[in-house]
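The sequence and structure are shown first.

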Amino acid sequence: MGSRGENAYPITSFTWLLLYAEQDDKKAAALRQLVSYMLSDEAQDQAEDLGYIPLPEEVREKVREASRFIR
């Protein structure tokens with residue numbers, strides 16, 4: 001999905017995911033699994049169909065590193 005029309009321009013924004021680092025074990029595991037899926041090729045391949053752009057690999061890697069703090 002892109003901008004339509006001669007004078008159209010894309011609207012961009014940041015999306016944030018804020019999580020507490022300290023979780024009970026089951027919730028921490030579920031959250032790590034959710035983040036892992038969101039960063040997967042399968043999920044990222046759906047981005048354009050949903051009106052988003054896929055995350056660059058360098059951003060995905062930074063999020064993977066940060067998700068290690070969920071415990």
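## The residue before the helix

In this predicted model, the side chain of Gln23 reaches the backbone oxygen of Tyr20 at 3.0 Å. Gln23 lies in the segment that precedes helix H1. With a relative accessible area of 19%, Gln23 counts as buried, because the cut-off for buried is under 20%.

When its neighbours within four places in sequence are left aside, Gln23 is in contact with Ala28, Leu31, Ile70 and Arg71. Ala28 and Leu31 are also among the buried residues of H1.

## Start and length of helix H1

At the start of H1, the backbone nitrogen of Lys26 has a side-chain oxygen of Asp24 within 3.2 Å.

Four residues of H1 are buried, namely Ala28, Leu31, Val35 and Leu39. Viewed down the axis of H1, these buried residues fall within an arc of 70°, and they therefore line one face of the helix. On the other side of H1, Lys26 and Gln33 are exposed.

## What covers the buried face

Which helices are included in what covers the buried residues of H1? The cover includes helix H2, residues 41-44, and helix H3, residues 57-67.

Note on methods
Residues numbered from 1 in each chain as written. Predicted model: local features only at pLDDT ≥ 70, side-chain atom pairs only at ≥ 80, totals over all residues. Heavy atoms only, no water. Buried < 20%, exposed > 50% of the residue type's maximum accessible area, 1.4 Å probe, protein only. Helix = DSSP H or I, 4+ residues; strand = E, 2+ residues; numbered from the N terminus. Arc of directions from axis to C-beta. Contact = heavy atoms within 4.5 Å. Polar contact = N/O pair within 3.5 Å; in protein donor to acceptor, adjacent residues only side chain to side chain.
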